[in-house]
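Student: I have a structure to go through. Can you walk me through it, a piece at a time?

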Amino acid sequence: MTAQTVALISVVLVLVLVLLVAGGLAYGVRVLRRLQPVTPAVPAGDDPEFLAQKDKQERSLAKLQTAAAEATSAVEEAKNETAAARTESAAARAEAGSARAEARRVLDAAHAEADTILDRAHRQAESDAEQVRAAARRSGEREVALLNATVKEQGAEVERRAARIDERERQHAEELDRLIERERRLADRESDLSAREASLAEREIAVAAAEEVQQRELERIAGITADAAKTEVVESIEAQAKREAAILIRDIESDARNTAEDRARHLVVDAIQRVASEQTAESVVSVLHLPSDEMKGRIIGREGRNIRAFESVTGVNLIIDDTPEAVLLSCFDPVRREIGRLTLDKLVLDGRIHPHRIEEVFETAKSEVERLCLRAAEDALVEVGITDIHPELVTYLGRLRYRTSYGQNVLKHLVETAHIAGVMAAELRLDVPTIKRCAFLHDIGKALTHEVEGSHALIGADLARKYGESEDVVHAIEAHHNEVAPQTIEAVLTQASDACSGGRPGARRESLEAYVKRLERIEEIAGGKSGVDKVFAMQAGREIRVMVRPEDVDDISAAVLARDVAKQIEEELTYPGQIRVTVVRESRVTEIAR
């Protein structure tokens, strides 16, 4: 709100107050006039009512005078306020005038400054435009110079290319001349060749005519044509060869059928009967008997430190349960398990069980097991009858004392295989020591299977070759699992003796679940063929007999069925030894005589 507005409002308020005061005075005068009625003249001192009325009027008059005085003072104050308002209004007008003057001055200064800036901007724009024009002129000159230089270079390049083209045209003309000369010489040679071919053709015609005359003369003398003679000779030789081959095949098949199966069965049975071997009893757990149950607490030690130290040093898990006076040692490595068993046995006998003592006894037990392995290898060599063998091979053979294959001790398996192979070789009148050596060393690679990658047959062959074994022995080792095709009688007999030792009843252990699953799968394979009536797995899964319906399967189909079943079993199953597949096709006719 401006000062002029405030002054105007003050003036209006003062005027309103003045009007109110004037109106009040007029109303008071009117009331006094009404209060003075026309009465008869009564002496002042005699009429009390008159006196009372007079006093009342005097009091009213005093009040009116007081109000008039107050109104007069209010009017004076209003006048003073009006004057002050007028003064403030005049001051406000003066201030507004000075503000308008200042605003005009500032506006004039702004206009002047704007004109100055605009003039400066025009001059700057003209200067920049001049600089741009100069830069464009210089750039255009540079571009023109560059284009001129490029045009000159292109002209020079065109001239060089024209020169090269001229040179090439000259070279092409020379090459064309040479080609024309070459074609001329070739034409001369072709004419010579044509002449020679013509003379040769004439000579060939003459030779053919002479041969034809000679052949007709020979046919006239012999009384038969050449083609007929060739056919007759070929037919005669073919018939004679077929007859001789059929006779030979019949004799061989008859002899093999009569003697081979009986001879082979006799050899195998005789070899197995003459070798008495123990049944499989290996496992992955060893039991150590204790003198008392108090020893279990000493084995465990304070807060289990002894048992932790024992398992850390030996690598064997020690199982202490509620079994009275016994603890179990579990480990898949039989050598480590035997070392752990000997270590714990010595600790129990000594009675002093603590971590440092465990380490000392472990080293002693390890040396003792190594001596036992070496002694076992020497005993096996003496039993088989082999004396000249490299000492390193003896060490590797000793490691097999605590190794097993499907629960069968490998070192005992080698001894048994060597005996079986020796019996077979003696029956066949072969070199018994060599064949026994092949059979005894055929699984030597199992001593290094955990150290060297690859098949134990190939590893064993490399090991035998490294330590000076003969090539017959090396070949028998690498071929005993058909990873290399067997080429010698030693390799074949090694395979046969290995199968006899591993496949005999009780030699190897397998889980009941795997055994049952294998029998069920064998029966499923045979039962799934068309025309099959019944299937029986016999002899612990080593023979399977398939009963077929004779009206659905003939003799040829029965042979095909047996071959298909055997092939599918070989492809899908893993088993020791071999499985015989027998297909039975039987037709029965029954009649009752009454």
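Student: Let's start with T343. Which residues is T343 in contact with, leaving aside neighbours within four places in sequence?
Tutor: T343 is in contact with F310, I358, V361, F362 and A365. Contact means heavy atoms within 4.5 Å.

Student: Where is T343 placed?
Tutor: T343 is in helix 6. Helices here are DSSP runs of H or I, at least four residues, numbered from the N terminus.

Student: Is T343 buried or exposed?
Tutor: T343 counts as buried, at 0% relative accessibility. Buried means under 20% relative accessible area, exposed over 50%, and partly exposed in between, with a 1.4 Å probe and protein chains only.

Student: What kind of model is this, and what do the values use?
Tutor: It is a predicted model: local features need pLDDT of at least 70, side-chain atom pairs count only at pLDDT 80 or more, and totals for chains, interfaces and linings use all residues. Residues are numbered from 1 along each chain as its sequence is written, and side-chain values use heavy atoms, with hydrogens and water left out.

Student: What pLDDT does the chain average?
Tutor: The average is 80, and 85% of the residues score at least 70. Over residues 37-45 the pLDDT is below 50, and that stretch has three contacts in the model beyond near neighbours in sequence. pLDDT is the predictor's confidence in each residue, from 0 to 100.

Student: Where else does pLDDT stay under 50?
Tutor: Over residues 278-282. For that stretch the model has 16 contacts beyond four places in sequence.

Student: New topic. How many salt bridges does a search of the whole structure find?
Tutor: The search finds 27. A salt bridge is a side-chain nitrogen of Lys or Arg within 4 Å of a carboxyl oxygen of Asp or Glu.

Student: Which side chain meets K346 in a salt bridge?
Tutor: That of E368, at 3.2 Å, N to O. K346 lies in helix 6 (residues 334-350) and E368 in helix 7 (residues 355-384), so the pair ties together parts that are 22 residues apart in sequence. K346 is partly exposed at 30% relative accessible area. E368 is also partly exposed, at 22%.

Student: And D443 with K446: are both buried or exposed?
Tutor: Both are buried. Their side chains meet in a salt bridge at 3.7 Å, N to O.

Student: What does D552 form a salt bridge with?
Tutor: With R549, the closest N and O atoms being 2.8 Å apart. D552 is partly exposed at 48%, and R549 counts as partly exposed at 29%.

Student: Which residues are linked in a network of salt bridges?
Tutor: E157, R160, R161 and R164 are linked that way.

Student: What about phi of N482?
Tutor: N482 has a positive phi of about 60° and is not a glycine. N482 lies in the loop between helix 12 (471-478) and helix 13 (489-503). At 54% relative accessible area, N482 is exposed.

Student: Back to the other loop. Where does L428 lie?
Tutor: L428 lies in the loop between helix 9 (410-427) and helix 10 (432-440). L428 is partly exposed, at 32% relative accessible area.

Definitions and conventions:
Helices (H or I, at least four residues) and strands (E, at least two) are DSSP runs, numbered from the N terminus.
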